[in-house]
Amino acid sequence: MYKRILLPTVLILIAALALAACQPTATPAPPGVQTVEVTRIVEVVKEVPVAEKKLKACFIYVGPIGDIGWTHAHDQGRKIVDEQFPWLETAYAESVPEADVERFLDRFIVEEKCDVVFTTSFGFMDGTLAAAQKYPDKIFFHCSGYKRAPNMGTYMADFYQVYYLNGLMAGALTKSGKIGYVAAHPIPEVVRHINAFALGVREVNPNATVDVRWIFSWYDPAKARQAAEAMIAEGVDVLAFTEDSPTVVQVAEEYTNKGQPVYSFGHYSPMAQFGPNSMVSGQLVHWERIYEDILMKVYLGIYTPKNLENVDYWYILGQKGVELGGDFGVPINPKFEAPLKAVKVTDPLLGEISVYDLVFKRLEQMTDPAVLFDPFTGPIKDQQGQERVKPGQRLSLYELTTIDWFVEGVIGELPR
Amino acid sequence: MNWVSIRLEKRLDTPRWLNAVTPVLSVLAALVFIAVLFYILGVNPLVAYRRIFMGAFGSLYGLSETLTKAIPLILCGAGLAISFRARVYNIGAEGQLLVGAIAATWVALFVPGIPDPLRLPAMFVAGALAGALWALIPGLLKAKLRQDEVLTSLMLVYIASELVNHLVYGPWKGAQEWGFPYTDKFPPSAIIPHLGTTRIHYPTLIIAVLAAILAYYFIQRTRWGFEIRVTGENPEAARYAGMNYLRTVLLVIGISGALAGIAGVGEVAGIHGRLRYPQGISPGYGFTAIIVAWLARLNPLAVLLTGFLISGLLVGGDAIQLALNLPAATVHLFNGVILLFVLSGDLFTRYRVRIEFPARMAPAVAVRPGVEVKE
């Protein structure tokens, strides 16, 4: 008789302990930035009965949903929450010109009766803020910006840690010591990613360089191809990028299949299919983690049009907002397992370790709620050799989101 | 032998009514064509058109947005109409708009000592001058060196666009903008006032309407206008008659550049309140204005109407996405088809189409044995 109760009780206890252990501990907010403690309440209240209350969430995208990059990833997130919550209705507008966003916001609010609007390009920032002031009882969330209002929050899932991991692999795989980066716009987000990537590269390969080419566009396959081919012609044999198409991966695959190996790292969406022989890994995003959290809290009345002034989501590895890999669940293309295991480096703390193991060790450290490792830990010098981060210090969130200098090893200039 | 033979005969003279009717019929034909596309996409074309019309003209909001977007289209379109009349094909209104925006930003943020009430007028003058000067480059290249202005003016769009990029990413990047490519906000004295809560920056709207009316008067009623028309009809004859070709080319392209520059001032000072990167300032107004001018058959007064209508099409086009859930590419398709039909419709004003049925006239002799004739 006791046994029948005992077993479930023990199981429940274990489960409760495990859950408690999984709860991320709050990390102190860096100076200058107020972060709101983000807890994952979604799991707890998923079983909300189909209520009479409905919520309509609308999404404004800057690119086409078929771009296999930024916009595609956001739309995947939208589809997931749309299916997940029976009380949720969603709508979207794609390829919205940045000059026209105010009109789309007006229409979504007035004609389509949206309760929450997500705008997913930093160029939509001013327009979103204007709409937030115009419609004080509606809720707005702007992705990748820094302006907030009582009814407008911000959110971002950031890749800098993942770029760093990609950099470790790039540094191990390059033969020429020249690595290329096709970059969209020279804004802090992209600069941060290039820097993190270069820090990874130089940790494994202190003499390698990262050459940067700006294409001044988020989506321009033609320019991305030009930039990638130009760098390959100059001896670059590993490519990373920020652009919303798989073009760079395709270029690397073409060269590899012709007998000149060029490796690449996918960006934003699973791009493994475009580079089966040449794509090593990449960066993947889970926007749905942020969307479910926001929408659930709006639905439950935790977020109101009056309390979003300080709501800023910054989801990184620890929050499972991003993932390492070229396809979900595949952190490293199995083809590159052996080459990465063959390269050994000596880490002051970890001793001699293969790059393959180093990647997973760092991944584990950065995923840990206590964030045991951060790529932007000093000493870090800039391109001029000047020390920018003192030994043992980490860049704050504010410094990360406003970064406007390149680390040592990056070739290229920031427009000034 | 062909069943039907279609021949084109050049018209010596185009009747007035045809000039007016052709664009209307062309647009109607385009709408019928697009209706078929809507049908294939699974949307009732009548419902679709109703939504587009209502989106643009069916509410005060839609109407105000249509007017807002019509401002740059009318300004650029009126200028292009004059330029195209002289057969000076200035394709670079977009670039002239951007340099106008740059000049306005410079006056708004970096020129000290202008009294507040004079700030906006100074911005408009600077924008117009900058646009005109930018347009004079392809004008001079055409008149002096016989360089094709279609290419040169188009290339200058990209240069203007890179110039804006350089400024907002570089020296003009705002101090308060976290490293994002925006200049700082304009001071209040440099912001064009709006009509109520709409986005209609009405001073620019007034300038646009006046510009279109003056442009019409200029081209139809003045001696320079006459020279422009003659130069357009027959450059050789104009030169023979002692008309100054250089002056005419520079005049028309300068005017169109100035008007585009004013449009740029309106966008930065009336809509955005700052300079930002090019795609953020204009979603291609300078290019769309080419359709506007052409649809107006290069009549600046008609530009008022076509600018308003094309703007309505763009604004109503939202409905294609928001209400009908069709992909955004449909909007571009929509606009492209209309331009294609309007441009091809032009053929009918210059040529007479003769359709003949030779088979009817020739008896059955022409039919090869074994082929059944169905009649």
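Author: Two residues are in contact if their C-beta atoms, placed from the backbone, lie within 7 Å. This is a predicted model, in which local features need pLDDT of at least 70 and side-chain atom pairs count only at pLDDT 80 or more, while totals for chains, interfaces and linings use all residues. Residues are numbered from 1 along each chain as its sequence is written, and chains are lettered from A and ligands numbered from 1 in the order in which they are written.

Chain A is divided into domain 1 (33–157 + 286–319) and domain 2 (160–284 + 322–411), with bounds from an automatic or database domain assignment. Taken over C-alpha atoms, the centres of the two domains of chain A are separated by 29 Å. In chain A, 20 residues of domain 1 are in contact with 22 residues of domain 2. On the domain 1 side of this contact, helix H3 (70–84) and strand S11 (312–315) of chain A each supply at least two residues. The largest share of that side, 4 residues, comes from H3(A). Helices (H or I, at least four residues) and strands (E, at least two) are DSSP runs, numbered from the N terminus.

By class, the side of domain 1 of chain A that touches domain 2 of chain A has 12 nonpolar, 7 polar and 1 charged residues. Here Ala, Val, Leu, Ile, Met, Phe, Trp, Tyr, Cys and Pro count as nonpolar, Asp, Glu, Lys and Arg as charged, and the others, Gly among them, as polar.
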